[in-house]
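The sequence and structure come first, and the notes follow by topic.

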Amino acid sequence: MIDCAKARELSGSYIDGELNEAACLSYEEHISCCESCHEEYDMLKKVSVDLSAIATPLPEGFARRMHTALVNEQFKMQKEKEKKSKGFVFPLYRVGSLVAAALVITVIGKYGVYDTYKKVMEDASHMTTMLHEKETPKPADTPAAEEPAPPQEEINYNVTVDNSGEITPSYENTTDNMEEVIPEEPIAPVNDTVEEFPVEATADVPETEESAPAAEDTAAMFSLEKADDTAKFDTGESSGGDHTQSAPSVARAMMPDAAEAVQEEEGITNDTDIAEAAGYTTADTPAASGGGSSSAAATELIPAVVTIHNSGDGSMIMFKKFLLTFLDSSEISENNGEITVTVTDDEYDSVIQRLRSNEYVKSVTEGTPSGGKAVITIR
Amino acid sequence: MTEEVIKELVVKAQKGDLPAFEQLVEQHYTKIYNIALGIMGNPHDAEDAAQNVLIKIYRAVGDFKFQSKFSTWIYRITANVCTDELRKRKRQRAISTDELTEDVLGADLATPEAHALSREAVSDLRCAINSLKDEHKKVIVLRDINGFSYEEIAGITNCSVGTVKSRISRARSALKDTLTTSGYFNR
């Protein structure tokens, strides 16, 4: 017969049914004779059984909260991936430290390394020159005016800008490289809401001409007017073709200084050509057009407010992404978990229709277009 | 869910398919939460820990090489993340009954089996678990609260079945001593 020490060793496995037949018999034989081991077995068994009873069901809303956390994590990972995919760009300010390092090396090993130092300085100077050239688009490098304008439906109205505020030369888009470009700094008139839409509004600007902005299907774009004006965008399909407004005007609305650069670089001065190239009209009539019969002077626009709130299970983050596919970030604001979209009276109907057809939208309660409110509930 | 289906979903999840990932892990939410609750000791920390677990699993799913069962892998991450979280929060002390909130006891008493236990009994059990060493706590939470087999526990804790057996025995013995002191067996 086994002793008490051995019995204590086997007690756990016996309770869990993990002992073979022989060991079971030995253990049972011992506890039938040993009162203290039998008492210990009873207590251990009770603990094990009682512990199995305190397994807890999931708290209410647990799955939904985990889903939200995972969606947020997915966005974070996407942003990290986008940053990594840009690759390493040697920043200009590093040239200084490179030069300093070269100087130190030269001082320490001055004899016999003069040539090395000289080479490093030349290289640093060359690199500085290269970086300056890269950041400052030269008119000579831009496509000539006679180059064919890109097809209307290929242009993204989010014109790419670099950090200096000038538009990169590749206004001409190709279909070969349609990687979506999202400017790091908001190119529309800035408001705080831009920060709330990190996926769309804060990705980095492309460094090279090759990473042209992705084409947006202009048929899918809404005509919008900003309540605080500056520009009105209209797809070719929605007007009779009286395109008198310019891509530069569009760019001007988004980034005034860049607009002139675009006009210069592209060599496009004729408004019709510009509009055709850009695929939209704007409310501003450029001085060059001289004929702005199409668009009246900008009048005071009455905003129609559309409020979007979450019925509890929906993802506001996903819905914001959807909104940014056809609205400017300056037209979207968020407060206390509700999204507010501000559009003009003219565009109210098309925006509502767009929202109705979206799978996220659970219900639409319309207000009056003129300054009224519609309430959208998302799933 | 068959192993084939799991494998397909894992491959999709590794490519960033979030719905596929959620389909994989949703069936394990209850166990993940209960492991977290057993180790962390209260529902608030348990949910935080569970969220961290899921995020960690989501980020690491690309590294899963099908060398073990997917469930074993995620429970291993669960146990490790929760243990690390607990250490960070420095809750290596016994929690008195007064500190257990209504939420903890309410949640514990939610199951029909738990209704047979008194409030005091449940709080004694939670306190006793919290007083265990990390390794003992882990095996007791996996075995007695979540019902994993010895082999599964060995896979999750990355040790042998023999080690699991001896840890469980020692853990139960330690629990028994703590509960004896609290008068648990006299109720």
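A salt bridge is a side-chain nitrogen of Lys or Arg within 4 Å of a carboxyl oxygen of Asp or Glu. Over all chains, the structure holds 18 salt bridges. The model is predicted, so local features need pLDDT of at least 70 and side-chain atom pairs count only at pLDDT 80 or more, while totals for chains, interfaces and linings use all residues. Residues are numbered from 1 along each chain as its sequence is written, chains are lettered from A and ligands numbered from 1 in the order in which they are written, and side-chain values use heavy atoms, with hydrogens and water left out.

**Contact between chain A and chain B**

- Chain B puts 44 residues into the contact and chain A puts in 36 residues, where contact means heavy atoms within 4.5 Å.
- About 3,700 Å² is buried between chain B and chain A, and carbon and sulfur atoms give 64% of that area. Buried area is the accessible area (1.4 Å probe) that two parts lose on being put together, summed over both.
- Six salt bridges are counted between chain B and chain A.
- Asp16(A) and Arg172(B) form a salt bridge in which the closest N and O atoms are 2.7 Å apart.
- On the side of chain B that touches chain A, helix 11 (residues 161–181) of chain B gives the most, with nine residues. Helices (H or I, at least four residues) are DSSP runs, numbered from the N terminus.
- That side of chain B is made up of 24 nonpolar, eight polar and 12 charged residues. Ala, Val, Leu, Ile, Met, Phe, Trp, Tyr, Cys and Pro count as nonpolar, Asp, Glu, Lys and Arg as charged, and the others, Gly among them, as polar.

**Helix packing in chain A**

- Helix 2 (residues 21–33) and helix 3 (residues 35–52) of chain A pack at about 115 degrees, with their axes 5 Å apart. Axes are lines fitted to C-alpha atoms, for helices over the stretch in contact, and angles run from 0 to 180 degrees between N-to-C directions.
- Helix 2 of chain A is therefore roughly perpendicular to helix 3 of chain A, a label for angles of 65 to 115 degrees.
- Residues of helix 2 of chain A, including Tyr27(A) and His30(A), meet residues of helix 3 of chain A, including His38(A) and Tyr41(A).

**Within helix 1 of chain A**

- Lys6(A) forms a salt bridge with Glu9(A), with the closest N and O atoms 3.4 Å apart.
- Both Lys6(A) and Glu9(A) lie in helix 1 (residues 4–15) of chain A, three residues apart, about one turn of the helix.

Technical notes: Helices (H or I, at least four residues) and strands (E, at least two) are DSSP runs, numbered from the N terminus. Angles under 35 degrees count as roughly parallel, over 145 as roughly antiparallel, 65 to 115 as roughly perpendicular and the rest as oblique.
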